[in-house]
Amino acid sequence: MHLREVDEPRLDEVAGGRGVLVEVLRVGVDGTDKEINAAEYGDAPDGADFLITGHESLGRVLEVGNDVPTHIAPGTIVVASVRRPGTSLFDAIGLQDMTTDDVYFERGINKRHGYLCERYVEDWRHITPLPACLSETGVLLEPLTVAEKAINQAFEIQRRLKVWEPRSALILGSGTVGLLATLALRLRGIEVTCISLPRAPYRNSDLVEEVGGTYMSTQDTSVAEAAAANGPFDIVIEATGFSPLVWEGAQALAKNGVLVLVSVTGGERHVEIPSDHINQAFVLGNKVMVGSVNASPEDFARGRDDLVKAYAFYPGWLEQLLTTQVEGLENHEQMIRELTENADAIKVYVQVASRAGASSNGAAKVGASA
């Protein structure tokens with residue numbers, strides 16, 4: 001990871017007057033950024049020898065093209081999405097998160113520069129405007145969309161049942177996505193049990209309980225025991241990054257339940273499972289296991305609405321997730337240390353510019369991975 005001076009972005013980089021010039025306020029970072037820094041993941045755009053990282057953006061509009069809708073105007077707080085269209089049918093209809101292409105394009109991750117920079121230009125169709133109340137916590141929108149898509153996929157799949165009213169959910173993992181999934185489900189009136197490794201009380205368990213969820217530690221309670229106490233569960237979302245828990249989650253599902261996998265696991269783990277039992281339960285119980293990656297524009301819109309609801313119903317809760325601020329792009333080494341060494345961090349983010357004023361110079365300084 002290093003700093004690099006690059007050319008100023010220009011509105012005419014986007015055709016048809018659809019360009020939006022955005023000043024970056026803050027950027028959330030996560031395990032993906034750490035993996036990119038370690039050369040385990042991601043790729044630079046074609047023709048470039050570096051990748052501007054950062055995919056969890058929050059910015060303020062500076063200038064717009066002549067064909068940008070009026071609800072996106074200078075001064076508007078915005079978040080840009082991550083994945084960009086490829087060549088498949090799904091890409092053509094705005095569902096690039098469902099692409100069948102082998103090569104995909106994600107800003108800050110793969111083949112497209114990201115948001116750890118002072119300014120960027122984007123097509124307004126990939127931008128979600130936010131109300132002023134989210135001018136600090138809006139950086140949580142992109143990770144929230146992971147949970148939003150997972151929940152929406154569960155409901156979309158179970159439309160086959162004509163009537164599906166889930167009442168209970170299990171979240172495996174209490175990291176950023178697990179906490180935001182807990183929030184989104186509680187805002188829908190669903191009882192939530194969150195199970196994770198650390199013992200309560202600690203910050204994450206407190207956050208689960210503050211929105212009315214139940215927290216359990218795997219050091220004291222197995223997934224099966226959690227299901228016996230509070231389940232079986234209509235929805236299970238696996239967000240730990242520890243793949244063996246997938247099979248424990250599968251056994252905690254209620255009839256007509258949906259298990260959604262959102263962790264990207266790149267290891268080589270192998271486990272022994274009761275495959276006959278799991279298979280029989282899925283067949284006789286009409287259960288579903290589905291993978292979910294990235295998010296659609298509708299997921300960003302739902303996430304924005306849920307952030308506003310959280311702001312109203314659970315004042316101060318979102319702010320508690322923003323545990324670890326890194327001041328300025330120049331402190332990118334600290335950013336990686338926080339991701340690697342700070343076990344107490346929930347959301348690490350880089351404060352690129354203040355809300356009060358614009359960036360200090362004309363060139364765009366960026367965090368880049370060779």
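This is a predicted model: local features need pLDDT of at least 70, side-chain atom pairs count only at pLDDT 80 or more; totals for chains, interfaces and linings use all residues.

Reader: Why is Ala 39 called exposed?

Author: Exposed means over 50% relative accessible area. Ala 39 has a relative accessible area of 69%, so Ala 39 is exposed.

Reader: What makes the phi of Ala 39 worth a note?

Author: Phi of Ala 39 is near 60 degrees, a positive value in a residue other than glycine. Most residues other than glycine have a negative phi.

Reader: Where is Ala 39 placed?

Author: Ala 39 sits in the loop between helix 1 (31-37) and strand 3 (51-52).

Reader: Why does Asn 294 count as buried?

Author: The cut-off for buried is under 20%. Asn 294 has 14% relative accessibility, so Asn 294 counts as buried.

Reader: What is the phi of Asn 294, and where does Asn 294 lie?

Author: Phi is near 60 degrees for Asn 294, a positive value in a residue other than glycine. Asn 294 lies in the loop between strand 16 (288-291) and helix 9 (297-313).

Reader: What is omega for the peptide bond joining Ala 200 and Pro 201?

Author: Omega is about 0 degrees, and the bond from Ala 200 to Pro 201 is cis. Pro 201 belongs to the loop between strand 12 (191-196) and helix 5 (203-210).

Reader: Is the peptide bond from Gly 231 to Pro 232 cis or trans?

Author: Cis, with omega near 0 degrees for Gly 231 to Pro 232. Most peptide bonds are trans. Pro 232 is in the loop between helix 6 (223-230) and strand 14 (233-238).

Conventions: Residues are numbered from 1 along each chain as its sequence is written. Side-chain values use heavy atoms; hydrogens and water are left out. Helices (H or I, at least four residues) and strands (E, at least two) are DSSP runs, numbered from the N terminus. Buried means under 20% relative accessible area, exposed over 50%, partly exposed in between (1.4 Å probe, protein chains only).
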